Each structure stands twice: as structure tokens, then as C-alpha cells.
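Dear colleague,

I am handing over the structure we spoke about, and below it I have set out what was found in it. Please look through the sequence and the model first, and then read on.

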Amino acid sequence: MQDLPNLFLIGPMGAGKSTIGRLLAAELAREFFDSDHAIQARCGADIPWIFDVEGEQGFRQREIQMIDELTQLSQVVVATGGGAVLREENRCALRERGTVVYLLTTVEQQLKRTAKDRNRPLLQCDNREQVLNDMFALRDPLYRATSDITVRTDRRSPRAVVNEIIRRVRRLVDPLQSKASP
């Protein structure tokens, strides 16, 4: 699948970016990167610790650097953190260096998928649903403005989402070829 561009997955926490990204990379025989995991590996510390010590601003600066590096690679699939779109530098790097796929899910689905996850500093609060609703209101317009494609992930298998992404990216790359193939 060398004819397809780099693929960058954006969307809220719990949308399935890492799971779908790994499957998508395997299907396309590409290397997969998760920007949050890459930040943790470079720092030798987990994200909650980075938030505690450096604050969200410190983490976002690290994220800008990492996304800049990862988007310069070739033939990759990159899953970004949910807040990556908050910075214009990230939105520009993603848009200019590949095809951006917004994995859209409901707040209800996010609550289910993140229920036991303690590695999400912004959800360490009493009213997780309100926090997710507030983040959605702020971030959804940024996800939509940054993405080339929007794909719903709730109540769908990761494999079905991967197949839809590949089909839709092929259609973007070569609209005539995709009409000839199933």
C-alpha cells in the first residue's frame, strides 16, 4: 500500500485511535506510532507524572515536538493524543504531511472505554461525563477542521473501522480507481 499517504488519527480519548492505528498499520504493512507512548518513552515517565510535574502546558510543548517529528516520517500511521488539535502547530503538521482521519465517538462510549483507565489526567475528577462533554464542545470543531475524513467508531468493530478508513482514503487518493474496485 505504498500509494497511500501517511495516516494520522485524531479524536477524543477512548475513540479507539491506538487500537485502530495498530490494526491499520498492520493491514498496510506500515510502522505505527502513538504520540502519547512516544512522549512517555522519550521522557521515561508516564503522562500523569508529566502533567503533575510540568502541567498541561509542559505536556503540550512535548506533544508539539513529538508530532512534528512523527509527521515527518514516511509510510506511517500515527495515533495522536486527544488534545493534540488544541495547538495550531500540530494541526498544521498533521494537515500538511498526510491524510487526517477523525475517529468520532459518543461521550457515552468514551465513558465506557475509559472507565478503569487511570492514565488520563484530565479525567481524574468527580464528573467525568461533564469533562468529556466540555472537551467535545471545544475540540470537535478543531477535529473537523483538521481532518480529511471522519469515521464513527462507536458500536463498530475495530476491523470494520479499519476497512472503512482504507476504502475512504483510497477514494481520496484516486477517485477513479476506487470506483473500479469493490
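A residue is called buried when its relative accessible area is under 20%, exposed when that value is over 50%, and partly exposed in between. Please keep in mind throughout that this is a predicted model.

The structure holds zero disulfides.

Next comes the sheet. Five strands make up an open sheet, in which the order is β2-β3-β1-β4-β5 and the pairing is parallel. Its edges are formed by β2 (31-34) and β5 (149-152), each of which pairs on one side only, and from one strand to the next the twist averages 20°. In general, the strands of a sheet pair through backbone hydrogen bonds, and they may do so in a parallel or an antiparallel way.

Strand β4, which covers residues 99-104, pairs in the parallel sense with β1, residues 7-10, over four bridges, and here I10 stands opposite Y102 of β4. Four bridges also join β4 to β5, and these two strands run parallel; in this pairing, I149 of β5 is the bridge partner of V101.

What does T99 touch, if its neighbours within four places in sequence are left aside? The residues in contact with T99 are P5, N6, L7, F8, D148, I149, V169 and L172.

A search of the whole structure for aromatic pairs finds two. One of them joins F51 and F59 in a tilted arrangement, with 5.2 Å centre to centre and 35° between the planes. F51 counts as buried because its relative accessibility is 14%, and F59 is buried with a relative accessible area of 2%. The pair of Y102 and Y143 is tilted too, at 4.9 Å centre to centre and with 35° between the planes. Since Y102 lies in strand β4 and Y143 in helix α6 (residues 128-146), this pair ties together parts that are 41 residues apart in sequence. Y102 has 0% relative accessibility and so counts as buried, and Y143, at 2%, counts as buried also.

An unreviewed UniProt entry places the feature "binding site" at G14, A15, G16, K17, S18, T19, R120 and R156. Among these positions, T19 has its place in helix α1, residues 17-28, and with a relative accessible area of 39% T19 is partly exposed.

Methods
Residues numbered from 1 in each chain as written. Predicted model: local features only at pLDDT ≥ 70, side-chain atom pairs only at ≥ 80, totals over all residues. Heavy atoms only, no water. Pairing = 2+ DSSP bridges. Axes fitted to C-alpha atoms, helices over the stretch in contact; angles between N-to-C directions. Phe/Tyr/Trp six-rings, centres within 6.5 Å; stacked < 30°, edge-to-face > 60°. Buried < 20%, exposed > 50% of the residue type's maximum accessible area, 1.4 Å probe, protein only. Contact = heavy atoms within 4.5 Å. Disulfide = S-S within 2.5 Å. UniProt positions renumbered as here; feature names shortened; annotations may be inferred.
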